[in-house]
Amino acid sequence: MKIAKYLVLPIALLVLGACTPKPQGRAIGDDIPASTTLPYIKGVGISMLNQTATSPAGQTISLIPSNKYRLTVLSLWCPSCFNGSNAQLQELIKLHQAYADRGVRIIVIAYDTPSKELSEAIKNMGIAFEMGTGNRTLFEALQMKSIPTTYYMDSAGTVIKRVEGFEAFEEMNEDIEELVKNYATEEVSPEDNEAVSAPSPLSSSPLVTSSPSSSSSSSLNISQSEASPHSTEQPNL
């Protein structure tokens, strides 16, 4: 009887521990469970609905988000603009692995890069997200000043945050959590996409950040007289 008495408490604790659900896996931050799809995001900024890029195969890459995308991360890339140019691509590969099934679309726009060189980068680095070349209209709409620059577009195709300079995966993860926290919404309808047809300047957006660093980015000078980004001339750095 005494033995049974002393066994009651350990057995009860063992049963309780077996019934307690295990904690779910989480992203680097604590705000978004790693297994969940992001909510829809709607902010205020510059609309990219009329902008496109071109894939190495010549296909059009539309920046209009589909219903499966809740957030688009668009990054400007140039293989010859500064040393270690592939570093940003490596971080975007990590981001794609973490968020590809959670409603995040990643697009890399190459500046002044021949299609052949772009195709080789995709093959050699095993890149699974979209990459293409941009045109002057797109670069001017993005108000491009330096490379790399990362743009965050909401579920309606609006740029609501811009970060100039290199961004590590951990920093991009924090940016995504910040946008979800501040701009999550239940749904974004097609009317919401049309409602952003009269964009406000990027500089007036409270979420736009600018943190260029001479060691991590290259400044660009794009004038009307400059050669097209698709030409073989090097940009003014």
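1. Basis. This is a predicted model, in which local features need pLDDT of at least 70 and side-chain atom pairs count only at pLDDT 80 or more, while totals for chains, interfaces and linings use all residues. Residues are numbered from 1 along each chain as its sequence is written, and side-chain values use heavy atoms, with hydrogens and water left out.

2. Overall make-up. The protein has six helices and twelve strands. Both are DSSP runs numbered from the N terminus: helices are H or I with at least four residues, strands E with at least two. Of the 237 residues, 46% are buried. Buried means under 20% relative accessible area, exposed over 50%, and partly exposed in between (1.4 Å probe, protein chains only).

3. Contacts. Take the contacts with a separation of 6 or more: 76% of them join residues 24 or more positions apart. Contact here means heavy atoms within 4.5 Å.

4. Largest core. The largest nonpolar core has 28 residues, and Leu92 and Leu95 touch the most other members. Strand S5 (71-77), helix H2 (86-99), S6, H3, strand S10 (158-164) and helix H5 (169-183) each supply at least two of its residues. A nonpolar core is a set of buried Ala, Val, Leu, Ile, Met, Phe, Trp, Tyr and Cys residues joined through side-chain atoms within 4.5 Å. Leaving out residues up to four places away in sequence, Leu95 touches Val73, Ala100, Ile106, Phe169, Met172, Asn173 and Ile176.

5. Helix H2. H2 has 14 residues and reaches 20 Å from its first C-alpha to its last, close to the 20 Å expected. That expected span is 1.5 Å times one less than the number of residues. Its buried residues are Gln88, Leu89, Glu91, Leu92, Ile93, Leu95, His96 and Tyr99. They pack against S5, S6, H3, strand S7 (130-133) and H5.

6. Asp112. This residue sits in the loop between strand S6 (104-110) and helix H3 (115-125). Asp112 has a positive phi of about 55 degrees, although it is not a glycine. Asp112 is buried, at 10% relative accessible area. Pro79 is 33 residues away in sequence, yet 8.9 Å away in space, C-alpha to C-alpha.

7. Gln143 is partly exposed, at 29% relative accessible area. The peptide bond from Ile147 to Pro148 is cis, with omega near 0 degrees. Pro148 lies in the loop between strand S8 (146-147) and strand S9 (149-153).
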